[in-house]
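Visitor: I would like to go through this structure with you. Could we begin with a single residue and widen the view from there?

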Amino acid sequence: MSAYHFIIILPFIGAFLLPFIYRSLPRVHAGWCVLPIPVVLFVYLLGSIADLNEAGSRNANWSWMPSYGIDFNVYIDGLGLLFALLITGIGSLVVFYSIFYMDKRREKLASFYVYLLLFMGAMLGLVLSDNMMVLYGFWELTSLSSFLLIAFWHERGKSRYGALKSLVITVAGGLAMFAGFLLIYVMTGTFSIREVVSQLPAIKSEGLFIAAMLLVLLGAFTKSAQYPFHIWLPDAMEAPTPVSAYLHSATMVKAGLYLVARFSPVFSGHMLWFWLVSGIGLATLIYGSYRAMKQIDLKAILAYSTISQLGLIMCLLGLGSAAELATSDIAIATLMNATLAAVFHLINHAVFKGSLFMTAGIIDHSTGTRDIRRLGGLMAIMPITFTIALIGTFSMAGLPPFSGFLSKEMFFTAVVKITTLEVKHWEELLYIFPVVAWIASVFTFFYSIRLLLRAFGGKGNIEKLERKPHEASLGLLIPPVILASLAVLFGLFPNVLSYTILEPVLHAVHPALIPANKQIQVAISFWHGPTVEVFMTIGVIGLGLTLYLLSPRLALFVKPLGSRWSLNSLYDRGVAGAHRLAGLATRRYMTGSIQHYMLYILITMLLLIGVTFALVSAFHIDTTGYADATVFEIVIIAALIAAALAVPFARTRLTAILLTGLTGYLVVLFFVIFRAPDLALTQIIVETVSVALFLLCFYHLPKLKREKFRPRFKLLRLLVALAVGVTVTIIALSASSTKLFDSISQYYVQNSVKLAGGSNIVNVILVDFRGFDTMLEIVVLAIASFGIYSLIKMGEQEKTSDNAGMPAEASSPTYYLGSNDVMLQTIGKLAVVIMLCFSLYLLYSGHNQPGGGFIGALVASSAFILLAMAFGMKSFERFVPVDFRKITAFGLMIAFLTGAGSFLFKVPFLTHSFGHIELPLIGSLELATAMIFDLGVYLTVLGVTMTIIFTIGRDRT
C-alpha cells in the first residue's frame, strides 16, 4: 500500500474508529475528531501539486483480483487532483461549519460523521481509481452514503422520500454505467481506464462502442442531475445544510461531470457524444434556471440553481469534446477553451455555491425560516452574512469582479465560437447554443438578485419571525467567509489556478491534443475589448433587472408550475404503480401454503434445468462400465423405497419421523458397502440429530388425527414429484457419463499427503484444498442458528407480553426434552463419556483416518442430546452451563484467525502447513495447522447444532 492508497483509506479508517473515540470523549463535539482527516489530506494534496505537475501523473498499484483484471490502482493526474482537492478542501470547511451547526445534545453526531467520512472516502476512491470496477464500487458507495446523509433526519417523511428518490435514480444510473464498463471490457480486455485510452483507435469501430457510450452517459447524467434525471436533487435538500453544502456543491453532483471528463478521451471523437453531452447540458441549464426563478425556499432556489450550473458545465464539456473533431489548430484551441471554461466554472461553482448553502443555513439557524416571502431587512442585522451572500450571488450571476464573471464570459465565448466552426453535421443547430445560453444567463441573474434582495433588502417582517434574527457565531461564519474570499481572489487573480490546476486538467481531458497544439492559452484575463461576450453580459444585466422589477406582474416568472404532469408526478405514479403491481403479484403467490411454495420452487427448477439441458444437448447417458447390482444393494434399495412410501400412510407423526430416519439409515448402508466411512459416519450422526430435531419441532404442532386414511389424488403433485425424480436421476447419470475435463480426483490422491500431510483425502479436501468453501459453510450455519434463535426469542417476547398479567409460573420456561427413565439415565452416563471421547478421537485423527471436525462435532452433539434426554434439559443446563452461541462465535474466530495467520508468512488466505516431531515413547507426531482450522469447524458445528436443538427444545407459554 502506498501513500496514494492511504488518501482513500484514511476516511474509512476514521469512520471505523470514530464511534470508539467519540464514546471515550463524550464532552467533545465529534466534529473536532473528524476535522483533522480532511485537513491533513488537503494539505498533503496541496503540497503534491508541484510534484504531480512536473511528473504529469502518479500511480500506485495494489493487486486485488488479478485473475479478473480487478486491482485497486490509484491514478492521480490533473483531473483527479482537482477533484481530490475539492473533496478534501470543501470537506474541511463543511466539517468545521457542522461543528457549530449540528447540536450535539439533540443530534446523533457519531452517525452523522461516520456517514460523512464514508462519503468522503467513496468520493476520493471514485476520482482516484484507474480500474473501472473499483470506480463503480465507489460510485455506488457514494449513492449509499449520500442516502444515509440525506435521510439523517429520518423522522421526517420528506427526508426519507428525498433519500429514497436519490438512491433509486442514482443507483439505476450506476447500474447502467456498470453495464457500459462491461462492454468496454469486452472490447478492450481491460478494466484500466489508461489502457482503454491507449487502445482507442481499435475500439472506435467496434459495434458495442455506441452502446457503451450511452450507458456510461446514463450513469453520468443521473449522478449530476441532468434533465430529465434532475428530480432527485431538489428533494435531497431535506438533508442538513452541511450535507447540502458538501454533496451538492462540490462532490456528489460533480461525480457525473468527472465521469464525462475522464471518459472524454475515449468517446469525444464521436459526434453523438458531442451532441448528447452539450445538448443535454444546455437543456438542463435553461430548465434549471427557469425553475429556480419560481422557488420561494432559499435551499430550493439553490437546488435548481445547482441543476442549472451543472448543465452549464456539462454543456461546456460537450463543446470542448468537439476539439477532437476539428481539423485546424485554431479550431482545436478555440474548442479546448470550452473545456478550460468548464473546469474553471466547476471550481467557481464549488466556491460560490458552498458559501451560499452555508449562508442559507445561517439564515435558517438565525430566523427559523428559509421562506423568502417572510424574510427581508436582514442586511442591517446580519451584515457579515449579507456580505457573503452578496459575493456569492454576484459570482453566481456572473458579475465582476468575482470569479463567476470570468467563467461566465468564457462560457459565452465558447457558445459564440462554436457557431463559426465546421464541426460537421447539423451546423445550423449550433446557433441554438448562444441563444439558449444568453436566456439562461438572464434567468440566472434574475434568481440571484431575487435571492439577495428578498432575503436581505427592504424592511421585512422581523417581528413575525420564529426567532429573533442575529448575526451568526464566528464558527458558522469562518467557512463561508473563506469561500467568499476565494471567489474574490480567483476573480482578481485567476491565473493563480491557470498553470497549477487548469492546465494539468486539460492534459488529462485532451491527452492527444495538447502536446501537439501550441496555441492553447490557459491564461485568463478580465478584459478583451468590446467583444460580443461583453455586450451579451450587458444585455443579461439590463433584461435581468427589468424582469426583476416587473416580476410581481409577470406570473410566468413567479407562479409555480402545475404538478399533475410534472416529472416528479410521473416518478411518484411510477413508484406507486410498482408498489401496487408488486403487491398484486405477491398476493398471488404468497398463499401461506408450504406446498404451494415447494411447487413453485420445483417447477422453476425443472424448467431451468430442462431448458438448459435441451439448449446444450446435455442428455447423454452411457451405461457402459457400470458394475452389476449385488443382492445386498437390491435388498437395501427395496427397503429404502418401502420406508419412503410408508411415510404418507403413517397414522402418527412419531411413526412418520422414525420412517424418515429409517430411509437415512438405509443410505448409510450404501456408504458402508461403497467403502466411504467418512460419509457413513456423517450420515448416521446427521440422521440421529435430525430425528431429535423433528421430534422437537413436531411437538409444537397439534395432534395428528388419521383414524381412517383417505388418500386424495393430486395429479399435478404426482407429475412434479415424478419429474423431479427423473430429472435428478438424468442429471446424475449425464454428469457421470459426460467428462469434458480430466477428473481432479487423481490430483487429490497424489497430493493429499505430499501437499497437505494427510492421508484422509475427504478431510484434507475439506480443511485444506477447499478450506475456503468450508469456511463459508460454517459461516452460513452460524447465521442460520442465530436466525432461528432470534425468531424463537421474538416469539417468546410476544408471549411474555401477552401473559404480563398472569402468574410467574405461567410464563416460566417449559422444557420439552427430558425423561425419568432410570435405565436411560444409567446407560446415558456411560454412553455420553464414550461418545465424547470418540468425538475427540475423530477430531484428532480425522486428518489421516475417517473423521474430522464436522463428524466429531455431530457425535459430541449427539452425546449432549442424549444427556438432555436422559436427565432433562433443565438439569443439563445446570451441569453444562455453556452458552453455545458463544461456542459458535469462538469456533468461527479460530477458523478465521487460522486462515488469516497465513498472511504473516505472505501466503494466500487459509494456506496450511504441517510437520512432524519425535516424542519419547510416542514416536513421530504430526503437527498441522489444518488441525487448528478443523478445531474451529468442530466448535462451530457443535455450537450451531446445540443452539438450534436447545432453542427449539424450550418455549415460553
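**A conversation about the model**

Guide: Let us begin with T774, which touches L766, F933 and V937 when residues up to four places away in sequence are not counted. Please note that the model is predicted.

Visitor: Where is T774 placed?

Guide: T774 lies in helix α34, which covers residues 771-802.

Visitor: And is T774 buried or exposed?

Guide: T774 is buried, because its relative accessible area is 7% and the cut-off for buried is under 20%.

Visitor: Let me compare another threonine. What about T88, buried or exposed?

Guide: T88 counts as buried, at 0% relative accessibility. T88 sits in helix α5, residues 78-101. Not counting residues up to four places away in sequence, T88 touches P38, L41, F42, L45 and L124.

Visitor: Back to the other region. Which residues of helix α33 are buried?

Guide: In α33, which spans residues 761-769, the buried residues are N763, V764, V767 and D768.

Visitor: How are they arranged around the axis?

Guide: They cover an arc of only 100° around the axis, so they lie on the same side of α33.

Visitor: I761 is in that helix too. Is I761 buried, exposed or something in between?

Guide: I761 is partly exposed, because its relative accessible area is 28% and that class lies between the cut-offs of 20% and 50%.

Visitor: What is I761 in contact with?

Guide: Leaving aside neighbours within four places in sequence, I761 is in contact with Y748, V749 and S752.

Visitor: Now the whole chain. How many helices and strands are there?

Guide: The protein chain has 39 helices and 6 strands. Its C-alpha atoms fill a box of roughly 110 × 70 × 70 Å, taken along the principal axes.

Visitor: What share of the residues counts as buried?

Guide: Of the 957 residues of the protein chain, 50% count as buried.

Visitor: And what part of the contacts comes from residues 24 or more positions apart?

Guide: Such residues account for 80% of the contacts in the protein chain that have a separation of 6 or more.

Visitor: Which residues have the most contacts inside the largest nonpolar core?

Guide: They are Y113, F181, I184, F267 and L319, in a core of 215 residues. Helix α18, residues 329-367, supplies the largest share of this core, with 21 residues.

Visitor: Take F267. What is F267 in contact with?

Guide: Apart from its neighbours within four places in sequence, F267 is in contact with I184, F209, A212, M213, V216 and W273. A second, separate core has 42 residues, including I778, L867, Y938 and L942.

Visitor: One more topic, helix packing. At what angle do α20 and α21 pack?

Guide: Helix α20 (residues 403-417) and helix α21 (residues 432-456) pack at an angle of about 155°, and their axes are 8 Å apart. The angle is over the cut-off of 145 degrees, so α20 is roughly antiparallel to α21.

Visitor: Which residues make the contact?

Guide: On α20 they are F411, F412 and V415, while α21 provides F433, P434, A437, W438 and S441.

Visitor: And by class, how many are nonpolar, polar or charged?

Guide: The contact of α20 with α21 has 7 nonpolar residues, 1 polar residue and no charged residues.

Technical notes:
Residues numbered from 1 in each chain as written. Predicted model: local features only at pLDDT ≥ 70, side-chain atom pairs only at ≥ 80, totals over all residues. Heavy atoms only, no water. Core = buried A, V, L, I, M, F, W, Y, C linked by side-chain atoms within 4.5 Å. Buried < 20%, exposed > 50% of the residue type's maximum accessible area, 1.4 Å probe, protein only. Helix = DSSP H or I, 4+ residues; strand = E, 2+ residues; numbered from the N terminus. Contact = heavy atoms within 4.5 Å. Arc of directions from axis to C-beta. Axes fitted to C-alpha atoms, helices over the stretch in contact; angles between N-to-C directions. Parallel < 35°, antiparallel > 145°, perpendicular 65-115°, else oblique. Nonpolar A, V, L, I, M, F, W, Y, C, P; charged D, E, K, R; others polar.
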